[in-house]
Each structure stands twice: as C-alpha cells, then as structure tokens.
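Here are my notes on this one, jotted down point by point. Have the structure open while you go through them.

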Amino acid sequence: MSAELPPSTPLPIPKSFWDNFTSGLFVMPAVAMFFTFSLYPFFNVFYLSALEWDGISTLRRFVHFSNYIEIFHDKIWWLSMGNAAYVTLLALTLQNALALALAWLVDRDIKGGQVYRSIFFLPPILSGIVVGLIWNWIYMGNYGLLNYFLKAIGLDALARAWLADPDTALTSMAVVHMWKGFGWGFIILLAGLQGIPRELYESARVDGAGELHIFWKITVPLMIPVFILVSVLTILGTMQIYDLVVATTGGGPGYHTEVPMTRIIAKMLGSARFGYACSMGVVFGAILLTLSLLQIQISKRSRVD
Amino acid sequence: MKKGLAGILLASLVFTGTSCNKSDAGDAKGPVTIWHWMSDREDAFKELADRYKAQTGKEVRFELYAPSEAYMQKVRASGQTTTLPDIFGVLGESRDIASFIEAGHILNVQPEMDKDGGVWRKRFYPEALEGNEFKAGNRFNIPPGIYGVPIDVTTIQFIYNKGIFRRAGIDPNKPPETWDEFIVDGKKIAKLGIPGFVSGWGDLWLIECLADNLAFNIMGQDKVIATYRGTVPYTDPDWVKVFSLFDELGKSKILAEGVVTMINKSAEQLFSNERAGMAFNGSWAVNVYSGMNPSLDYGVFPTPRVTDKHPRVVWGGPGSSLMVNAKSPRAQEAVLFLKWLTDGPQQKYLVTSTKNLPSIEGVSQDIPAVLAKFADGMKISVHPSRLPITETSPVIERFDKAIQSIIIGEKTPQEAAEDVESAKKEELAKAANPQ
Amino acid sequence: MSINTIEKGKARPDPLLPEGFQPLREGLTYERIRRRARNSFKSILSHSFLILVSITCLFPLWWMFVSSLKTQQGIFTDMSFFPAHPEWSNFVTAWTKGHFETYFVNSVIYTTCTIAGVLFISSLAAYAFARLQFYGKNVLYFMFLATLMIPVPGQFIPLYVLLIKMRLVNTMPGYILPQVNGGLALGIFILKPFFERIPKDLEDAARIDGCGKFGIWWNVAMPLAKPALAVVGIFTALAVWNEYLLAMLVLSDRSLMPLQRGLMVFQGAHLTQYPLLMAGMTISVVPIIVVYLFFQKHIIKGVTAGALKG
C-alpha cells in the first residue's frame with residue numbers, strides 16, 4: 001500500500017469578484033509590506049545595473065547593457081560560480097543526506113530524541129565568529145587540531161595546511177558550511193516527517209511491510225514537497241555563501257575559494273563599481289531563480305503517479 | 001487574531017512617540033557628533049570628550065559603529081541622504097575619499113592648518129598630512145587641499161622574537177638587513193622546529209604592502225609609478241625579480257603553514273604565543289601582542305634590502321583620519337575640536353592609553369621603545385595615498401593572488417608576471433574605451 | 001518470504017536448527033533472538049552515530065563557554081578542558097561594558113514583534129497561495145520567490161533612504177517593519193508546501209460547518225501547520241537576534257540598539273577582546289536556545305487524519 005498525496009483537486013475557481021477579493025485579502029498585508037519596503041530597493045538594483053557608478057559620487061554614467069556583456073566575459077566571475085556550485089552540490093547530497101538520516105532517527109522516537117533535537121540545531125545558532133575561530137584552529141597548518149590528530153594516529157602524510165592547499169581548500173570550507181547548515185535541513189525534514197499520520201505506518205506494519213518498503217512507498221512520496229523545499233533552500237543558502245569564506249580563506253589561495261558574493265562585494269567596495277556589482281547580482285539571481293524553478297518543475301513531474 | 005495585530009500596531013505607535021527623531025542638521029547649538037569605528041579607543045575618546053568639556057564647556061559626542069565594514073556602509077548610506085555627522089572617517093582609498101569630497105561632504109581644512117604661520121600643520125608628521133592631501137593637478141580633479149586630520153599613524157614592518165633569535169644562535173640586537181640574511185635567519189629558526197616567518201596573507205592588502213616595499217627597493221619609485229601608468233609592463237625583469245623573491249620565500253620552508261589563507265588575527269596569535277620567529281605586521285600589533293602576551297620580548301626592523309640601488313622603504317602613512325562634514329552647521333566647532341585632539345597632551349594620552357603611534361612629532365620620547373621603532377619607520381615610508389597614481393583594484397587583486405599562487409607553488413614567477421600583465425592590459429583597454 | 005515478516009502468531013521452524021530442536025522458552029525462537037540482536041546492533045549503531053554528531057555540535061559551544069572564563073593571554077594557549085582559575089567576572093564585565101541591560105530588552109522586543117508579524121502575515125499569504133485562487137496569484141508568488149534569489153548588494157542603503165523619507169529612522173517600528181518584510185518571502189516559501197498537504201476533506205468539513213475562508217485558515221490550516229510555523233518562527237528569531245547591520249544604519253540612539261551592538265564593542269579594528277566577546281556571546285546565545293526549545297516542541301506529530309473518523 002502506498003500513500004497518496006491529498007488528491008490534487010483543482011482549486012476552487014473564483015466565482016465572483018467578491019470571491020477574488022476575499023482571497024486577495026489574504027495576501028494583502030504581505031503585498032503591502034513588499035511594495036513598501038522591497039519594491040524600491042529591489043528594482044533599484046536593476047536600474048543601478050545599467051550604470052557605471054562608484055556608489056558615492058553624484059556622477060553616474062548610463063551604460064545600458066555593457067555591464068552584462070562584461071560579466072559574460074568575466075572569467076573570474078564564472079570561476080566563482082563554479083566554486084559555489086561545487087559546494088552546493090556537496091551540500092545537496094551529503095548535508096541533506098545527513099539531515100535526513102538524523103531527522104528520520106529522531107522521528108522514530110529513538111531514546112533521547114528530545115535532547116538530540118536541541119543539540120543538532122546548535123551549529124546554526126552559533127555566531128559566525130565562533131565558528132570561524134574554531135574551524136580555523138582545527139584546520140591550522142602547524143598547530144591545528146586536525147593535523148595533531150592525524151599525526152597522533154600515525155597518518156602524518158595526510159597532514160597539510162587544509163585551507164591553503166588548492167586541492168583541499170574549497171572542500172574543507174564546504175565541510176564547515178555543511179556542518180553549520182545541516183541543522184536547518186534537520187528541523188524542516190523533521191517537521192515534515194512528524195506531519196505524516198502514524199496510522200499509515202501502523203497499518204503498513206500490520207500488513208507486514210518492511211522498514212525499507214515503508215520508507216520508499218509511504219514516507220518519500222509524502223515528503224516530496226518538503227524535499228523540494230529543503231533542496232531549494234540549500235541551493236539558495238549555499239550559493240550565497242559569504243561570511244564563511246571571509247572567515248576562513250578570504251577567497252584564496254589565488255581564486256580557488258572565491259564565490260559569487262565575494263566577487264560582488266569586491267566590485268562594490270574594492271573597485272567602486274557599484275553598477276557592475278548590481279548587474280552581477282541580477283545575473284546571479286536569474287540563475288538561482290532558473291535553477292529553483294527547474295527543481296520545482298522536475299519534482300512536480302515525478303509527483304504524478 | 002485581529003486583536004493581536006492591533007496590539008502590535010499600538011505598541012509600535014507608542015514607541016514611535018517616545019523616541020523622538022533627533023535631527024542634527026539645522027540645530028547649530030547641539031553637540032559636535034563624531035562617528036568612529038575604533039572600538040579599542042572608545043574609552044579613551046570618552047575621557048577626552050570629558051576633558052574637552054571641562055576645558056572649553058563645549059560638548060562632543062563620540063558614537064561607535066564597528067566593525068569597519070559596517071561603519072563604511074553607514075557612512076555611505078548617510079552620504080546619500082545628507083545625514084552625515086559633524087566628524088566622520090572614510091575608510092578606503094584616495095578614490096573613495098575623492099568621491100566624498102566631490103559630493104561636497106568633506107571640508108578642506110588647509111586654510112585652518114595654514115593659519116598663524118601653519119601652527120597646526122607643522123605639528124604633524126609630514127607623511128601623515130601628505131596622505132590626506134590632494135595636490136594641484138591630482139587625477140581626481142579635486143581642488144587642492146588637506147581634507148583629513150590624522151589622529152595617528154601606522155607603519156608596517158618586520159617584527160622578530162628576541163628570545164627565539166637567541167635560541168637559534170642569532171644576535172638579538174642584529175636583525176637581518178638584507179633579504180638573503182633574512183632567509184638565512186629564517187632557516188636557522190626553522191631548524192628549531194618553529195616557523196621562521198608568519199604573516200596574515202589571507203588578507204590580501206598585507207601582501208601588497210610587502211611586495212610594494214620590495215618593488216620600490218629593487219626598481220625605485222619612478223619605475224613603479226611608470227608601471228601603474230602602463231608604460232612599463234609587469235613582465236619587466238625587475239618585477240619578475242619581485243615575484244621570484246616570493247618564490248624563494250615559498251621554497252625556503254621558513255613560512256608558517258597556510259600563510260596564504262591565514263587571517264592576520266591568526267598570524268598575530270601565533271607570533272604572540274611564540275610560535276613563529278618573525279612576522280610582518282603593523283604598529284597596531286603592539287596593542288594586540290601586549291594583550292595576548294605582555295612578556296613577549298620582541299623587536300622591529302624595516303623590510304630587508306634586496307639591492308643597494310634604491311632606498312629601503314617601509315609601508316607607512318596616516319593611520320586613522322577624521323574628516324569634517326562640510327555641510328554641517330557646526331563645521332567650525334568640529335575643526336576646533338580636531339585641532340585640540342591633535343595637540344600634544346591629547347596625543348600623548350592616546351598613545352599611552354591605546355598604544356597607537358601619534359600623528360604629531362615630538363611625543364616620541366614618551367612612548368615605549370617598540371612603538372618608537374615603529375614610528376621611526378615614518379621617515380622612510382611610502383603609502384599609496386601619497387603617490388600621484390595608484391594601481392587599479394582588479395590588477396592589485398590579481399597581483400596579490402598571483403603571489404599567493406607562487407608561494408604555494410602553483411605558478412612560476414614568470415607565469416605570475418604574465419598573468420598580472422594581462423589583467424593590466426584589460427584594465428588599460430577599459431580605461432581607453434569607457435563604453 | 002522475507003526474514004522480516006512473520007506470520008501472525010506462528011514461530012517458523014528455524015532453518016538453521018537441526019530437526020526437532022526445542023525453542024529455549026515459549027515464544028522465544030532463535031528468530032526472535034536474532035531479530036533482537038539485529039535491533040540492538042542497529043540501535044547501537046544509530047546511537048553512536050547520533051552521539052558522534054552531537055559531540056561535534058556541542059564542542060564549539062563548550063569552547064565558547066570555557067573561553068569566556070579565560071584571560072586574553074590564556075585564550076589560545078591554555079588548552080585545559082576547564083581553566084584552573086575561571087574568571088567568572090568576565091560575564092559581569094561583558095554585561096556592563098556591553099550595556100546589555102538595555103540591549104537585551106530591546107532585542108527581545110524586536111524579536112517578538114518580528115516573529116509575530118512574520119508568522120501572521122506570511123501564513124495568511126501562504127495559505128492563499130496554497131489553497132485559494134485569485135487574479136495575479138502566480139505573478140505575486142513569483143515576485144516573492146524572486147526576492148529570495150537575488151542578493152541585493154547594498155540593499156540597506158535604498159532602504160535607509162526610504163526610512164528617512166518615512167520618518168522612521170531611529171525608531172522601533174523603523175527597525176521592526178523592514179525585518180518583518182524581510183522574513184515574509186522565506187516564510188511564504190516554507191509554509192506553502194505544508195499548507196498544500198492539508199487533506200481536502202478537513203477543509204470541506206469545516207466549510208460544511210459554516211466556516212468562511214478565514215475560519216478555515218484559523219481553525220483548520222493553522223493548527224495543522226504548527227510544525228512549519230515553528231520552523232518559520234525559529235528562522236525569524238535567529239535572523240533578528242543576530243542582526244546588526246540594519247540596526248547600525250537605522251538606529252543611533254543607544255537606548256534602541258539590539259544585543260549585537262553590545263558585542264561589537266569587544267571587536268576592534270585590530271584588537272579583539274576575546275574573553276569578553278566570548279562571555280557576551282555566551283550570554284546572548286542562551287535566550288535564542290530557549291526560543292528554539294520552545295518552538296521545537298511544536299514540531300511534533302501532527303493531528304492525524306484519524307480525527308475525521310468519528
């Protein structure tokens with residue numbers, strides 16, 4: 001027996017203007033706030049991306065699309081996107097697998113579940129400063145914790161300057177990001193799991209279904225919307241990684257750990273090319289939007305039984 | 001549910017009523033407001049504000065906004081809405097300061113400085129003032145003048161641990177003079193099992209400082225400036241020589257591991273805890289080291305000489321400078337306060353309480369020996385803000401990152417030179433066709 | 001027939017035993033022993049895994065706490081698990097020097113108001129996007145989605161300009177409202193799938209009972225979405241509690257500043273007073289942990305569809 005999603009019945013078609021209006025009332029407060037506080041800054045970015053401006057002076061030069069053309073040729077920008085994509089891929093797979101495993105275990109009323117729930121959300125709560133300090137210490141070359149342990153168990157050959165070695169810098173940073181991030185996925189997945197009616201599990205067990213069977217036929221289909229949610233949030237959060245990079249590698253060595261946000265900030269403050277930075281933001285957002293919409297579409301496809 | 005919303009709105013209204021929207025502009029009688037970012041000087045500033053009030057009856061209010069990146073965002077935002085305070089700072093390059101001046105936010109204090117035969121002006125280290133000055137014919141087309149008042153200076157030099165020197169068999173009173181001596185000393189220290197040299201080269205600008213020092217020594221100021229102008233390529237043998245010095249440094253195995261992504265704070269940590277023999281850091285380090293290890297026995301020496309053809313230089317210039325808001329109704333009051341702040345007794349107080357270098361000459365005899373040594377570097381200092389032209393940001397970034405690549409063995413000096421030169425060509429092309 | 005299934009009530013003859021062997025005691029077959037051993041093995045494995053992950057999560061918290069008790073000199077050199085001479089006074093110093101008595105209260109106010117605002121407004125909107133139809137629905141949803149995706153560099157600057165025009169600078173609403181707005185897109189995005197999962201039968205039942213749209217939202221949708229609301233609550237709480245950039249731009253009165261402002265005092269451009277900073281952070285992390293514990297209680301097994309039968 002497999003669970004069915006609440007049948008995707010067509011939503012009620014608005015019968016009248018009044019019907020439309022009362023439905024619209026629900027979104028009114030949100031839209032009102034959005035129009036007040038987000039509209040101007042948000043569309044301002046588009047306007048600014050067509051300028052050559054340093055962010056301070058009264059001199060602004062209208063350059064149409066040349067910023068966008070320049071981005072197309074900007075090798076370092078695309079390199080940074082690649083770096084962020086790599087970390088995101090790791091996060092989508094490893095981080096979310098970890099979060100799911102933990103959420104699943106806690107959901108099954110394992111002993112001490114309450115305690116574990118509280119502990120797993122500690123990394124996201126911790127300040128970026130503390131996280132930076134600790135992981136810098138762990139990864140430090142000469143006196144770091146990790147190398148200390150490796151040497152203690154005889155694996156000297158593996159010891160290195162984790163954050164400075166071009167082969168390991170990005171992955172080491174990804175590990176920190178995943179460690180800090182799995183707590184988010186964990187609570188969302190847990191919320192999703194806890195919303196599945198227990199009767200479904202009970203009746204399946206009574207019918208003699210095995211754990212794996214239950215997981216694939218009951219849990220997963222019901223969790224698909226939540227999986228999409230977590231995936232999209234992971235992509236958003238990881239592609240926009242910034243504070244962690246600054247706290248650990250500063251984008252180095254060379255350009256090995258540069259990410260889109262560090263490039264945007266570098267252009268905004270360092271090069272004083274505010275307009276160019278804005279256009280980078282727009283391009284970045286467009287890519288993220290496309291990725292997210294793709295994800296949602298693909299998942300909707302696989303939802304149809 | 002609706003009650004809850006009403007409750008929140010009501011609460012908000014109450015709070016709006018109780019906190020009035022103070023607007024400083026227009027009220028010429030209010031206190032002089034100063035926005036600063038120097039957390040470690042907050043207490044000293046408060047003390048000075050009290051002293052000023054006691055002496056003159058006028059009120060001065062210091063407001064702290066840290067860290068520096070957040071501070072600059074606040075200043076920029078205020079700049080766009082003309083809500084800047086009476087005194088503030090601009091953390092950035094000359095170009096950023098020029099933008100603020102051009103927008104009319106900063107007062108030219110040169111007239112005040114030149115008053116009475118230049119009484120105020122003559123107090124300062126000339127280099128400190130130069131860094132805040134825009135000369136006639138400057139490339140930003142700013143009317144010539146002095147736009148910032150330095151309240152301290154900074155130099156960045158080499159620092160060495162005397163105890164470790166002794167253990168390595170080096171005379172602690174004879175720090176290395178030449179580059180070769182430096183490498184040799186570093187190796188001796190490395191034999192003890194301690195890294196010979198550490199620096200926070202995850203912070204790109206620190207690489208910049210050292211590279212510039214070496215470049216000035218190898219080829220002289222004129223050639224460096226010619227390179228910035230684009231008439232000398234980065235593939236010139238002298239520049240390749242600069243890059244090869246870093247190559248030598250990387251291969252010598254005297255560097256602490258992970259230097260290329262180490263943040264300066266980590267480097268400072270290592271040096272204070274005697275886990276490195278030498279460091280490259282600025283005069284602010286005195287304050288940092290004294291907090292982490294007051295008994296640290298260390299000395300200072302300028303960047304080692306590579307050749308004798310050109311003078312040895314050190315990176316140094318105005319540390320923190322404050323600007324007066326040209327549009328403020330209290331501009332004159334603000335100027336008077338800054339004049340007082342940069343006078344002998346106040347500078348002496350700042351030095352002793354916060355261990356920074358004074359911006360005025362004549363107080364050196366009252367400061368600790370180590371600080372004095374840092375201050376001496378001012379005489380042979382260079383600073384981008386005092387050069388007629390500086391390199392553009394993208395090229396500097398490529399330059400610094402190329403050096404990082406050299407140190408980890410990813411690029412050869414020649415490859416690095418070519419890489420930086422290609423970035424330079426791109427920038428020159430962009431400047432030639434602004435559309 | 002897989003090993004995991006067992007016919008009700010019957011003990012299968014154990015294929016590994018010689019014929020005629022008797023079970024140890026009534027009902028206890030080797031099958032069951034093996035199953036129990038497998039389960040304990042799984043249990044030990046699961047617990048070890050959970051404990052390992054927990055240790056990595058607890059370690060930084062412990063380090064932060066212990067660092068607050070060290071001195072500036074000892075902070076990176078003293079490797080002891082707990083310092084021999086704990087400087088408890090650091091907590092007092094951090095509290096006073098960081099003006100926590102004012103900032104703490106402010107942060108609590110800001111966080112509570114923002115959470116209330118975000119939960120209320122975004123749940124209304126998310127419900128509409130999930131279960132209602134109206135003109136322009138897709139466009140509006142897309143709009144909210146887009147703001148999540150596009151990082152607006154220096155977005156606070158135009159916001160600041162706007163707040164000045166609205167005369168909301170240096171006021172509490174001026175600080176709270178933009179943050180409520182900031183949490184809406186994420187709130188809507190998270191709540192929508194949870195609202196979509198509500199069984200239609202429950203809605204229909206409520207409608208039959210005479211509930212209008214708002215009634216259904218309040219009586220049916222909200223209780224069922226409690227776990228999701230808790231998640232949004234946690235996200236918002238964390239964001240507001242850790243916020244300082246907007247506070248620095250918008251607020252100049254000391255009496256209005258939030259907690260993060262107090263922590264900044266210990267971070268100089270070059271000099272960081274680590275023990276005090278760690279003490280301040282330890283103090284500021286406690287309320288957010290409390291908030292998290294409160295909210296996560298609601299991430300519980302939801303009301304089941306069984307409520308319908310009866």
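At what angle do helix H2 and helix H12 of chain C pack, and how far apart are their axes? Let's begin there, keeping in mind that this is a predicted model.

1. Helix H2 (residues 89-97) of chain C packs on helix H12 (residues 274-296) of chain C at about 80 degrees, and the axes are 8 Å apart. An angle from 65 to 115 degrees counts as roughly perpendicular, so H2(C) is roughly perpendicular to H12(C). On the H2(C) side the contact is made by C:Asn90, C:Phe91, C:Thr93, C:Ala94, C:Trp95 and C:Lys97. H12(C) answers with C:Pro275, C:Leu276, C:Ala279, C:Gly280 and C:Ile283. Sorted by class, this contact of H2(C) with H12(C) has seven nonpolar, three polar and one charged residues.

2. Have a look at what follows H2 in chain C. C:His99 sits in the loop between H2 and helix H3 (100-131) of chain C. Its phi is positive, near 50 degrees, and C:His99 is not a glycine.

3. On domains, chain C is divided into domain 1 (1-68) and domain 2 (93-304). Four residues of domain 1 of chain C are in contact with six residues of domain 2 of chain C. The domain 1 side of that contact has two nonpolar, two polar and no charged residues.

4. Chain B has a domain assignment in which both parts are made of two segments: domain 1 (26-152 + 319-386) and domain 2 (156-316 + 391-432). Taken over C-alpha atoms, the centres of these two domains of chain B are separated by 29 Å. The contact takes 16 residues of domain 1 of chain B and 16 residues of domain 2 of chain B. On the domain 1 side, helix H15 (369-376) and strand E13 (381-382) of chain B are the elements that give two or more residues. H15(B) has the largest share of that side, four residues. By class, the domain 1 side has seven nonpolar, five polar and four charged residues.

5. Next, another helix pair, this time in chain B. Helix H16 (residues 393-407) and helix H17 (residues 413-432) of chain B pack at about 170 degrees with their axes 9 Å apart. Angles over 145 degrees count as roughly antiparallel, so H16(B) is roughly antiparallel to H17(B). The crossing of H16(B) past H17(B) is right-handed. Residues meeting across this pair include B:Phe399, B:Ala402 and B:Ile406 from H16(B), and B:Ala416, B:Val420 and B:Ala423 from H17(B). In class terms, the residues of the contact of H16(B) with H17(B) come to 10 nonpolar, one polar and four charged.

6. Now for the contacts between chains. Chain A puts 71 residues and chain C puts 74 residues into the contact of A with C. Helix H1 (residues 17-48) of chain A gives the most to the chain A side, with 18 residues. The chain A side divides into 51 nonpolar, 17 polar and three charged residues.

7. For chains B and C, the contact takes 37 residues from chain B and 35 residues from chain C. Helices of chain B that each supply at least two residues to the chain B side are H1 (2-18), H3 (68-81), H11 (264-272) and H12 (285-292). Which of them gives the most? H3(B) does, with eight residues. The chain B side has 14 nonpolar, 16 polar and seven charged residues.

8. Some backbone details are worth a look. The peptide bond from A:Gly252 to A:Pro253 is cis, omega near -5 degrees, and A:Pro253 is placed in the loop between helix H11 (243-248) and helix H12 (260-270) of chain A. A cis peptide bond also joins B:Ala66 and B:Pro67, with omega about -5 degrees. B:Pro67 lies in the loop between strand E2 (60-64) and H3 of chain B.

9. Finally, B:Asn141 has a positive phi of about 60 degrees without being a glycine. B:Asn141 lies in the loop between strand E4 (133-134) and strand E5 (145-146) of chain B, and with 9 other C-beta atoms within 10 Å it is exposed.

Technical notes. Residues are numbered from 1 along each chain as its sequence is written. Chains are lettered from A and ligands numbered from 1 in the order in which they are written. This is a predicted model: local features need pLDDT of at least 70, side-chain atom pairs count only at pLDDT 80 or more; totals for chains, interfaces and linings use all residues. Axes are lines fitted to C-alpha atoms, for helices over the stretch in contact, and angles run from 0 to 180 degrees between N-to-C directions. Angles under 35 degrees count as roughly parallel, over 145 as roughly antiparallel, 65 to 115 as roughly perpendicular and the rest as oblique. A crossing is left-handed if the near helix is turned anticlockwise from the far one by less than a right angle, and right-handed if clockwise. Two residues are in contact if their C-beta atoms, placed from the backbone, lie within 7 Å. Ala, Val, Leu, Ile, Met, Phe, Trp, Tyr, Cys and Pro count as nonpolar, Asp, Glu, Lys and Arg as charged, and the others, Gly among them, as polar. Domain bounds come from an automatic or database domain assignment. A residue is buried if 20 or more other C-beta atoms lie within 10 Å of its own, exposed if 12 or fewer, and partly exposed in between; C-beta atoms are placed from the backbone.
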